[in-house]
Amino acid sequence: MKIKKIFVLLLITVFFFSCKETREIDEVQKSPNIVWLVSEDNSKHFLKLYEEGGAPMPNIEALAEKGIVFNNAFSNAPVCSVARSTIISGCYAPRVGSQFHRRMEFAPMPDGLKMFPEYLREAGYYTSNNAKEDYNFIKSDSVWDESSKTATYKNRKPNQPFFHVQNFHSTHEGQLHFTKAQMDSLNTTTATDVVPVFPYHPDTPIFRYTNAYYRDLHQKVDTQIGEFINQLEEDGLMENTIVFYYGDHGGVLPRSKGYIYESGLNVPMVVYVPEKWKHLSLMKMGSRTDTFVQFIDLAPTVLNLAGVEIPEQIDGQAFLGETVTNENLIDRNTTFGYADRFDEKYDLVRSLRKGKYKYIRNYQPFNVDGLFNFYRYKMLAYKEWQQLFDDGKLNEQQEQFFKTRSPEALYDLERDPHEVHNLAAEPSHQSTLLELRSNLQNQVKSMPDLSFYPEPYFIESGLSNPVAFGQQNKNEITELIDIADLSLKSFDESKEKIEAALKSDNPWKRYWGLIVCSSFGKESYPFFKMGVQLSKHDTNNLVRIRAVEFLMLHVQNVPSDLIFEILKNAKSETETNLILNSITLIKTVQPEFKINMPKTMFPAEWLEKEGDLVRRRIEFINETKI
């Protein structure tokens with residue numbers, strides 16, 4: 001009898017603890033685990049899942065068979081730090097001051113907003129990141145439980161839901177910095193004779209090899225992703241885990257990473273939602289969707305999946321989770337893109353895609369795409385492309401990269417997926433052009449877009465609180481955008497307002513007036529005399545260099561002593577780099593222009609850092625190594 005009582009008590013105890021464990025599991029399963037599998041530097045154009053001739057990636061394809069394939073997933077920026085800053089904040093980078101790659105200084109997060117994993121931690125999630133961050137923001141210590149090359153979801157407490165990011169680096173741009181000797185000694189698995197070559201690229205052995213080798217790297221990443229998914233399955237987690245796969249921005253073959261074309265923005269994305277959590281997706285598993293999603297949408301989507309309230313400061317909108325309705329998804333057919341400084345190379349380009357049409361606004365159209373960038377030009381394909389242009393051996397589509405651009409471009413991506421036929425001047429497309437132009441103008445004005453102030457001034461005056469700075473100066477930014485958009489009209493229509501800008505008491509209106517003059521080219525000859533006066537006597541150093549740029553781009557003589565004087569007046573490394581960008585541009589479009597920059601002009605610490613931006617520019621201008 002005593003043994004029987006002990007046995008009954010044992011059964012009750014087992015039942016109690018079994019129920020307790022079940023309750024704990026039920027509690028944790030009220031919130032799904034979420035995993036991001038992130039490959040670096042690859043647009044959708046290089047995956048067989050999307051494009052004929054793309055790399056076969058069987059593990060991603062297997063995930064796609066039971067998940068959702070997004071045909072229209074977009075990074076808002078075509079480079080790492082800006083794209084990742086957009087993701088971690090859920091905010092447009094030019095609105096919050098995180099738009100420059102490599103940042104000269106870190107920007108604070110907007111008042112009252114945290115990096116989104118911090119909200120997950122507050123809701124009970126374990127957050128881990130292996131291992132890339134690359135944010136342009138100041139990061140608190142509360143974002144990740146772990147963020148390192150050894151970070152794993154396995155260190156969470158029993159039954160604790162987790163959000164884990166696993167980054168895969170094998171497709172990163174640096175992997176294509178091989179030498180000619182290495183290229184000649186290593187064969188590719190992908191056949192070079194059948195690999196597609198984009199119409200804007202020269203069809204050469206170097207470009208074919210680079211294409212093929214890049215696809216091999218995709219297959220390497222796929223193997224690594226497969227191993228990670230297998231580990232989730234072995235841990236018994238797949239049916240309680242929502243899995244995202246995406247590329248962190250576009251690809252790295254020339255004219256993709258660092259450029260606002262679709263090859264730099266349109267990324268692969270697959271999302272798997274297990275049966276238990278299918279109520280969190282209105283899109284069916286095993287399907288493809290044309291719904292547009294952007295990187296600003298990732299933060300609110302994860303928060304929504306976890307049942308966490310989405311902060312009002314976030315710009316994006318969730319596309320998965322209980323609060324998403326069909327109405328939220330039906331009209332999602334627009335994405336906004338931005339490109340500013342990439343390392344030492346400055347530009348200011350914005351894009352807006354709606355459906356099949358893509359509108360690009362080049363605010364400095366004279367600033368050619370092919371302007372030298374040290375890291376880009378470590379790739380053999382870039383070097384060869386430049387040499388073929390210099391030798392006059394490219395066709396019209398291939399040489400566009402090295403020539404001045406139009407202020408605006410319109411592309412029909414169904415007929416012209418590689419964006420080589422600009423329709424902006426076509427009468428039959430004027431209604432579309434005007435609609436997208438207006439939409440983009442509204443976008444940059446409403447944020448407002450902080451890049452309409454030069455970076456050195458923004459760092460000095462606005463970086464302490466970028467959002468507040470933007471709101472305080474919203475009207476002025478609107479006026480600067482209006483001046484910039486004078487280049488969209490004829491010179492005769494704009495002439496009077498250009499003159500008013502050049503005579504303004506506001507230095508940034510003079511600054512933009514000169515950029516517009518450079519955009520109009522030789523039509524702006526009536527302002528050459530005013531440009532000379534501004535280059536010599538303006539009280540603002542950056543206005544002076546824009547005047548020099550305007551004059552020299554149109555073969556007006558400027559003494560070297562004047563350029564040296566402007567450089568000596570620069571108050572910071574950032575200002576110096578911006579000035580050197582103009583000198584680099586002049587040297588690029590006018591190879592006969594020669595100037596020697598004595599290294600004694602610059603602080604020694606700028607020249608001793610291997611990756612310093614000023615150092616790179618001086619080496620290019622002087623055609624030598626310091």
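So, K358 and E262: both of these residues are buried. Keep in mind that we're looking at a predicted model here. Their side chains meet in a salt bridge, 2.7 Å from N to O. Where do K358 and E262 sit along the chain? K358 is in strand β12, residues 357–362, while E262 belongs to helix α8, residues 262–265, so this pair ties together parts that are 96 residues apart in sequence.

Okay, next pair. D297 makes a salt bridge with R332, and the closest N and O atoms are 2.9 Å apart. This one links distant parts of the chain too, and both ends are in loops. D297 is in the loop between β9 (287–294) and α9 (298–305), and R332 is in the loop between α10 (326–330) and β10 (334–339). Buried or exposed, D297 and R332? Buried, the two of them.

Now over to E565 and R544. Their side chains form a salt bridge as well, at 3.1 Å, N to O. Here we go from helix to helix: E565 is in α21, residues 560–568, and R544 is in α20, residues 541–553, with the partners 21 residues apart. Have a look at the accessibility on either side. E565 has a relative accessible area of 37%, so we call it partly exposed. R544 comes out at 5% relative accessibility, and therefore counts as buried.

If you want to see salt bridges joined into a network, go to D41, E173, K257 and R376, which are linked that way. And for the whole structure, the tally is 42 salt bridges.

Last stop, a helix pair. Take α22, residues 573–589, and α24, residues 613–622: their axes come within 9 Å and cross at roughly 25 degrees. Anything under 35 degrees goes down as roughly parallel, so that's what we call α22 and α24. What's the handedness of the crossing of α22 and α24? Left-handed.

As for who makes the contact, on the α22 side you've got E573, T576, N577, L580, N581, I583, T584, K587 and T588. Coming from α24 there are L613, V614, R617, I618, F620 and I621. Sort the residues of that α22 and α24 contact by type and you get 7 nonpolar, 5 polar and 3 charged.

How values were computed:
Residues numbered from 1 in each chain as written. Predicted model: local features only at pLDDT ≥ 70, side-chain atom pairs only at ≥ 80, totals over all residues. Heavy atoms only, no water. Salt bridge = Lys/Arg side-chain N within 4 Å of Asp/Glu carboxyl O. Helix = DSSP H or I, 4+ residues; strand = E, 2+ residues; numbered from the N terminus. Buried < 20%, exposed > 50% of the residue type's maximum accessible area, 1.4 Å probe, protein only. Axes fitted to C-alpha atoms, helices over the stretch in contact; angles between N-to-C directions. Parallel < 35°, antiparallel > 145°, perpendicular 65-115°, else oblique. Left-handed = near helix turned anticlockwise from the far one by under 90°. Contact = heavy atoms within 4.5 Å. Nonpolar A, V, L, I, M, F, W, Y, C, P; charged D, E, K, R; others polar.
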